[in-house]
Amino acid sequence: MPQVIENSAAESCSLPEAIEALAAMHFDPREEESVLAASRWLGRLGNNRSFLADILLDRLAGRSSGAAVSGYGPQAILLSEARGNMFLRANIWPAEQDLCFRNSGARSFVYGVPHDHNFAFLTGGYLGPGYRSDYFEYDYETVCGLPGEDARLRFVERSALHEGKLMLYRAHRDVHSQMPPESLSVSLNVMHVDPAQCWFDQYGFDLESGEVTRLLNSNATEVFLRTAVASGAEEALDFARWVGRTHPSERLRLASFEARSGVVADKDALWREAEMCGSRMVAAAASGRRSALD
């Protein structure tokens, strides 16, 4: 489960102070000292009981248009732009009795959607009893990521992100299935930004079977590649061949074969090539595609 970190922060800080301090330290979730230093600033920000209300009231009153904007969904509030390799955000977690939950449903707030993350982040309970989670762990390196694959999830515990609790969610290791809090809650996050993270997959899981269900993170590069190949341009096909042979992302390599399968005549030969390309994911998918052809 995520690493629980002792919250030793007694004083508080402003949001600008937290942003500047975190940006200056180059937060690295793989380094214990960096995690502890960042968690102290997150704890200090959590001790400031008015900063978030001030931001929201400014936005509601039309005094500010730059805050409270997010591409992460209806519950997320960006508290800073990306600074170096991190940014800050707040997440609102409605309870079952709240109107937004009743109108939008659980899945709009990622409740009951077991998943891992392809990035690491620090989180702290800021307001309310906090969302509850069933926590699991798994070994990312042993999983290809194909639907129906056994991820060998290991259950750890169920707990809530209550006020003042600090945790580090570890990329590609911690899996959780969230449940609504008993009452409206808010969490604060220090999000780690890695330019390579878009090439690593984030999965959904079935907790009863322990299997991977689907890929959760979208990648515009894959869509662009498929569209270019569908146009029939020879340059696009050449690029797709290069991707299928050498690209470090197995997901994009598979996409290159899938895209070409829609425009080539000898699909069996294409998927035979895919089986021999050196990728476990691509080989497993290619074997299924050849069986379907037969």
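Q: Which residue's side chain meets that of E20 in a salt bridge?
A: In this predicted model, local features need pLDDT of at least 70 and side-chain atom pairs count only at pLDDT 80 or more, while totals for chains, interfaces and linings use all residues. Residues are numbered from 1 along each chain as its sequence is written, and side-chain values use heavy atoms, with hydrogens and water left out. A salt bridge here is a side-chain nitrogen of Lys or Arg within 4 Å of a carboxyl oxygen of Asp or Glu. At 3.0 Å, N to O, the partner of E20 is R83.

Q: How many residues apart in sequence are the parts that E20 and R83 tie together?
A: The side chains of E20 and R83 meet in a salt bridge. E20 lies in helix α1 (residues 15-25) and R83 in the loop between β2 (76-78) and β3 (86-93); helices (H or I, at least four residues) and strands (E, at least two) are DSSP runs numbered from the N terminus. The pair therefore ties together parts whose separation in sequence, in residues, is 63.

Q: What is the relative accessibility of R83?
A: Buried means under 20% relative accessible area, exposed over 50%, and partly exposed in between (1.4 Å probe, protein chains only). E20 is partly exposed at 45%. R83 also counts as partly exposed, because its relative accessibility is 31%.

Q: Which residue forms a salt bridge with R158?
A: The closest N and O atoms of this pair are 2.6 Å apart. R158 lies in strand β6 (residues 154-160) and its partner in strand β5 (residues 132-137), so the pair ties together parts that are 24 residues apart in sequence.

Q: What separates D268 and R272 along helix α8?
A: The side chains of D268 and R272 meet in a salt bridge at 2.2 Å, N to O. D268 is partly exposed at 22%, and R272 is partly exposed at 38%. The two are four residues apart in helix α8 (residues 267-275), so their separation is about one helical turn.

Q: How many salt bridges does the rule give?
A: Some charged residues are linked in a network of salt bridges, namely E137, R170, R173 and D174. By the rule, the count of salt bridges comes to 18.

Q: In β11, which residue is the bridge partner of G204?
A: β10 and β11 run antiparallel and are joined by four bridges; two strands pair if DSSP finds at least two bridges between them. Their hairpin has four residues between the strands, and G210 takes a positive phi near 75° there. The bridge partner of G204 is R214.

Q: Is E208 buried or exposed?
A: E208 is found in the loop between β10 (203-206) and β11 (211-215). Together with D150, D206 and E211, E208 gathers in a patch of negative charge on the surface. Such a patch is made of residues with over 30% relative accessible area and no salt bridge, like charges being joined within 9 Å. With a relative accessible area of 81%, E208 is exposed.

Q: How far apart in space are N91 and H176, C-alpha to C-alpha?
A: N91 is found in strand β3 and is buried, with a relative accessible area of 5%. N91 and H176 are 85 residues apart in sequence, and their C-alpha to C-alpha distance is 16 Å.

Q: What share of the residues in the protein chain is buried?
A: The secondary structure of the chain comes to nine helices and 11 strands. Along its principal axes the C-alpha trace spans about 65 × 45 × 40 Å. Of the 294 residues in the chain, the buried share is 48%.

Definitions and conventions. Patch = residues over 30% accessible without salt bridge, like charges linked within 9 Å, V, L, I, M, F, W, Y side chains within 5 Å. Areas by Shrake-Rupley, 256 points an atom, 1.4 Å probe, with all protein chains shown as cover. Lys, Arg positive; Asp, Glu negative; His and termini not counted. Charge placed at Lys NZ, Arg CZ, Asp CG, Glu CD.
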